[in-house]
Amino acid sequence: MEPLDLKEFEWKTVVRNLTIDDFDALVAMQERCFPGMKPWTRDHIESQLAIFPEGQIGVEVDGKLAASSSSLILEYDPKMEWHNWQAVADGGFIRNHNPQGDTLYGIEIMVDPEFRGMKLSRRLYDARKELCRERNLARIIIGGRIPGYGAHADAMGPREYIECVMEKAMFDPVLTAQLSNGFAVQGLIPNYFPADDASRGYATFLEWRNLDYVSGARRRFHNIVEPIRVCVVQFEMRLVKTFDEWARQCEFFLDTASDYKCDFVLFPELFTTQLLSCVEAMRPGMAARELAKFTPQYLDLFTEMAVKYDLNVVGGSQFVVENGTLYNVSYLFKRDGSIGKQYKIHITPSEKKWWGVTPGDTVEVFDTDCGRVAIQICYDIEFPELTRIAAQKGAQIIFVPFNTDTRHGYLRVRRCAQARCVENHLYVAISGCTGNLPFVENADIHYAQSGIFTPADAEFARDAVAAECNPNVETVIIHDLDFEQLRRHRESGSVQNWNDRRRDLYRVVYNEGGQQHEV
């Protein structure tokens, strides 16, 4: 079997500024999103792009415009007619845009019905928030439709409906998303869009406050470092009858991580062996190759889920057959739809004996929207040279999907992961399986206590454990990690292991791409 071309599975998801070439797609999307309402004209779009191009944002999925938002900057005035979007936004031409203002006003946000459920509105709201931070704007103000209200208008007034949505007693496709993205309801606007029958013409007046705002400073004057939120899954192995049943179990964790607005989610090594419970029993070597047949479905599933839930997913690991050779490979599914992969480099004696796995030969470091990360599969974390190489290449987090059957095996992974944090001034997250798979040879029992580890110093947790699961129960842990804290620790920590290496006595030398490199 030829190596799988990952480009065939990738979803190219890009957040970008709109251009006039998007006009036809914008109008078509408006007509699908707001049937019966008059769409933008070409003059509107040309005016918006000419006056404030940075405020006109789109999300493109596989070359198709899937969502968009338009906005302008104003100076906040409580006496302004915020209830009248036509006045506030100059009828959509935004000729009243004020680059020196302090408030971003959102005119419109829309997601094509074909792409709903993929949390694309979150990407647009995040882009708007980042625009506020970059330009040191105090707030975002929007008028939001309440399209779910029409179905309840005979039973309650708009105020009661909004209160029910805020209390989670009802769901509104627009307001619920806005509340989950940090907006607060400041008022009710009647006759906002009289033609909007689904909302009965009503809208909410919402505000998001920029906590980084500095009064009087026109631009951000220092670098704000955002924490990176990591979710680690401790996955219970259980019998499943179909791939879809296994996929539902995976999607539950992805949905949970997305609800908590995580940046990364980590699954265990070879948690896909659960799928062996739904195929005919066979010898381990043949079973491993049978499991590899699920790889295309696995790639499709996690690529779609990473985009849908706006997550960077370290998809544990999975067997892959390339040119007749069996590998253990971990895939990184980025939320922009692209895919990276890391081959397991050190193969345990049992993997060689039972499955016939062949090792890879390159330490990969991946650029993500949250920094540089590396993946080391289980046994690989027990070899300090690999983490030295990854740290030299700029990795700040090492993700370790592992799969161990006994406490002794687990402790080897844990102790070495903690040592790598101290040696290289970085974070390490480990994720393992628990539960049993009766009659699946070499994957029948599991032991795990997954965790997130830090360097051992005063500014980190007392025991250098940021978070950890209870042993052998299915659960997740979620924790925020600070890369700026790592940088300060490397430069001025109590000990400086990286800087104090005796390279006059020893060094790490490795081969890559036909050349020799040194750490």
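This is a predicted model: local features need pLDDT of at least 70, side-chain atom pairs count only at pLDDT 80 or more; totals for chains, interfaces and linings use all residues.

Q: Okay, Phe235 and Phe271: buried or exposed?
A: Both Phe235 and Phe271 are buried.

Q: And how many aromatic pairs does the structure hold?
A: There are 27 aromatic pairs. Phe235 and Phe271 make an edge-to-face pair, because their ring centres are 5.1 Å apart and their planes sit at 85 degrees, and over 60 counts as edge-to-face.

Q: Where do Phe235 and Phe271 lie in the chain?
A: Phe235 is in strand E8 (residues 228-237). Phe271 is in the loop between strand E9 (264-266) and helix H8 (284-292). The two are 36 residues apart, so this pair links distant parts of the chain.

Q: What about Phe264 and Phe399, how is that pair arranged?
A: That one is tilted, with 5.1 Å from centre to centre and 40 degrees between the planes. Phe264 belongs to strand E9 and Phe399 to strand E16 (residues 397-401), so the pair ties together parts that are 135 residues apart in sequence.

Q: Why do Phe264 and Phe399 count as buried?
A: Phe264 has a relative accessible area of 0%, so it is buried. Phe399 counts as buried because its relative accessibility is 0%.

Q: Which charged residues sit over a ring, starting with the one over Trp498?
A: That's Arg501, whose charged end is over the Trp498 ring, 3.9 Å from its centre. Arg139 also lies over the face of a ring, that of Tyr76, at 4.2 Å from the ring centre.

Q: Let's switch to E16. How many of the residues of E16 are buried?
A: Five of the five, so E16 is largely enclosed by the rest of the structure. Ile397, Phe399 and Pro401 are on one side, Ile398 and Val400 are on the other, and both faces are covered.

Q: Which strands pair with E16, and in what sense?
A: Strand E15 (residues 371-375) pairs with E16 in the parallel sense over three bridges. Strand E17 (residues 427-431) pairs with E16 in the parallel sense too, over five bridges. Ile397 in E16 stands opposite Val373, and also opposite Tyr427 in E17.

Q: How does the chain cross from E16 to E17?
A: It goes through helix H12 (residues 407-424), in a right-handed β-α-β crossover. E15, helix H11 (residues 384-392) and E16 make a right-handed β-α-β unit as well.

Q: New topic: Thr387. Where is Thr387 found, and what does Thr387 touch?
A: Thr387 is in helix H11. Setting aside residues up to four places away in sequence, Thr387 touches Gln376, Ile381, Ile398, Arg420, Asn424 and Leu426. With Gln376 there's a side-chain polar contact of 3.1 Å. Thr387 counts as buried, because its relative accessibility is 0%.

Q: Last one: where does Ile146 lie?
A: In the loop between strand E5 (139-145) and helix H5 (158-166). Ile146 is buried, with a relative accessible area of 0%. Leaving aside neighbours within four places in sequence, its contacts include Tyr161, Asp172, Ala198 and Thr204.

How values were computed
Residues are numbered from 1 along each chain as its sequence is written. Side-chain values use heavy atoms; hydrogens and water are left out. Rings of Phe, Tyr and Trp (its six-membered ring) pair if their centres lie within 6.5 Å; planes under 30 degrees apart count as stacked, over 60 as edge-to-face and the rest as tilted. Helices (H or I, at least four residues) and strands (E, at least two) are DSSP runs, numbered from the N terminus. Buried means under 20% relative accessible area, exposed over 50%, partly exposed in between (1.4 Å probe, protein chains only). A charge sits over a ring if NZ of Lys or CZ of Arg is within 6 Å of the ring centre and within 35 degrees of the ring normal. Two strands pair if DSSP finds at least two bridges between them. A crossover is right-handed if, with the strands pointing away from the viewer, the path from the first strand over the helix to the second runs clockwise. A polar contact is a pair of N or O atoms within 3.5 Å; within protein, one must be able to donate a hydrogen and the other to accept it, and residues adjacent in sequence count only if both atoms are side-chain atoms. Contact means heavy atoms within 4.5 Å.
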